[in-house]
Structures are given as C-alpha cells and as structure tokens.
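Please look through the sequence and the structure shown here before reading on.

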Amino acid sequence: MGNILSFVSDGAAVSAETLKVVIENNIAATVATIGLVIYFLCTAVVFITNPIKFGKNYSVQPVDNAGKTEIRVYYGGISFALGLFLAVLAFVFGHPFYSLVGGLIFANTVFFTRLTFTFVDKGWSCPYTKLAIPAEGAFIVVLWICFAIAVAVEGAPRKTKQNTQNRRLCGGFVLFISF
C-alpha cells in the first residue's frame, strides 16, 4: 500500500489546481465519469450486500454458497473495481476524457453482447432483459453525447506535457497493481 501512496505523492497525481482546470475544460467527460462511477459503485453495493435478491433480479441464482460469493465477486467486486478505476483515472490522474472512453468501451461491449445473445438465447421474455436493453441503450446514447460534446465543443483530449507524463505513469500504475 505504501508503494501506491508514494507513487501518487511523487507526482503521478495531478494537483488540486490542475484538476480544477482539467474538470473545467472537460465538463461533459467529467459529468459522464461521475455518472459511470455512481452507477458502478451502486451496482457494487447492492450485489455485495444482497447477492441472492439482486442475482434473482438479473436471472442469476446461485446453486450453493460459492455461487453467492461469485455473484458478489463478479457483479459487486468487478463493478467496484471499474468505478474506482474510472474515478482514479479522472480525478487522481486528471483524465476524465479517457475515463469516459473506458466507460464507453465497457458500456458498448455489455450492451451489444447482451443484444446479440438475447437473440441467440431467446431471452426476450425475461423481465430483466426488457429493462436492461432499453436502459443500457439509453445509457450509451447519453455517454456518446457526452463524448461528442467533449470532442466537438471542449476539444478533448487536450495534449499537455503533464497529461503525457501522467499517461505514462498511469500505464505503470496499472502494471504495478496487477502484480
């Protein structure tokens, strides 16, 4: 843990003043990132605290206690990790635009995988599918609107010496925490 803190304090993290400027120049990406982080953290909380109830809502039911743990891990833990990663990328390293791009990749992958396999598995009658497809579709439309605003109106991404340095450091951070 000390290595992560020293890594951040040694200049990988942006200063509060720099972060303020980054957010002011990337309002659409910041708003989208905040929405993504809230979504992932709320998803994590509900699945970690009540995996059976929310698993059933998603048509996922454990057959034993290990299954309950898997729901907590894959729906809760991974959602928590995604939310935390996007928050750190945006608000510690100062890259809300790249956080938005990561969120777009994840959201589009989930949506199009769900859409494809709903046809393959004939899952249209499931109540969760009837909710998930329009909700996820609307979510990615909003994210793409934020992306378009970030690129067309705000001119993101802005390339600065600090952003280039942080991008290199962020890659090292990802490699560091994966070991």
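A residue is called buried when its relative accessible area is under 20%, exposed when that area is over 50%, and partly exposed in between, with a 1.4 Å probe and protein chains only. In helix α5, the residues that are buried are Gly67, Ile71, Gly76, Ser79, Gly83, Leu86, Leu89 and Ala90. In the protein as a whole, which has 179 residues, buried residues make up 32%.

The model is predicted, so that local features need a pLDDT of at least 70 and side-chain atom pairs count only at pLDDT 80 or more, while totals for chains, interfaces and linings use all residues. Residues are numbered from 1 along each chain as its sequence is written, and side-chain values use heavy atoms, with hydrogens and water left out.

**The helices**

The secondary structure comes to 8 helices and 0 strands, where helices (H or I, at least four residues) and strands (E, at least two) are DSSP runs numbered from the N terminus. Along the sequence this gives the pattern α-α-α-α-α-α-α-α.

Helix α5 covers residues 65-91, which is 27 residues, and it reaches 37 Å from its first C-alpha to its last, close to the 39 Å expected at 1.5 Å a residue. The expected span is 1.5 Å times one less than the number of residues in the helix. Where is the kink in α5 centred? The kink, of about 30 degrees, is centred on valine 73; the bend at a residue is the angle between axes fitted to the seven residues ending there and the seven starting there.

**How the helices pack**

Two packed helices are described by the angle between their axes and the distance between the axes. The axes are lines fitted to C-alpha atoms, for helices over the stretch in contact, and the angles run from 0 to 180 degrees between N-to-C directions.

| Pair | Angle between axes | Axis distance |
|---|---|---|
| α6 and α7 | about 150 degrees | 9 Å apart |
| α3 and α5 | roughly 155 degrees | within 8 Å |
| α3 and α6 | roughly 50 degrees | within 8 Å |

Angles under 35 degrees count as roughly parallel, over 145 as roughly antiparallel, 65 to 115 as roughly perpendicular and the rest as oblique. Helix α6 (residues 96-121) and helix α7 (residues 127-152) pack at an angle of about 150 degrees, and that makes α6 roughly antiparallel to α7. The residues of this contact of α6 with α7 divide into 20 nonpolar, 5 polar and 2 charged. In this division Ala, Val, Leu, Ile, Met, Phe, Trp, Tyr, Cys and Pro count as nonpolar, Asp, Glu, Lys and Arg as charged, and the others, Gly among them, as polar.

Helix α3 (residues 27-49) and α5 cross at roughly 155 degrees and are therefore roughly antiparallel to each other. The residues of the contact of α3 with α5 divide into 17 nonpolar, 8 polar and 1 charged. By contrast, α3 and α6 cross at roughly 50 degrees, and they are therefore oblique to each other.

A crossing is left-handed if the near helix is turned anticlockwise from the far one by less than a right angle, and right-handed if clockwise. The crossing of α6 and α7 is left-handed, that of α3 and α5 is left-handed, and that of α3 and α6 is left-handed as well.

Glycine 35 lies in helix α3 and is partly exposed, at 30% relative accessibility. Its C-alpha is separated by 9.8 Å from that of leucine 100, a residue 65 residues away along the chain. Valine 141, which is placed in helix α7, is partly exposed at 47%.

Most residues other than glycine have a negative phi. Serine 59, however, has a positive phi of about 65 degrees; this serine lies in the loop between α4 (51-57) and α5 and is partly exposed, with a relative accessible area of 48%. Lysine 122 likewise has a positive phi, near 55 degrees.
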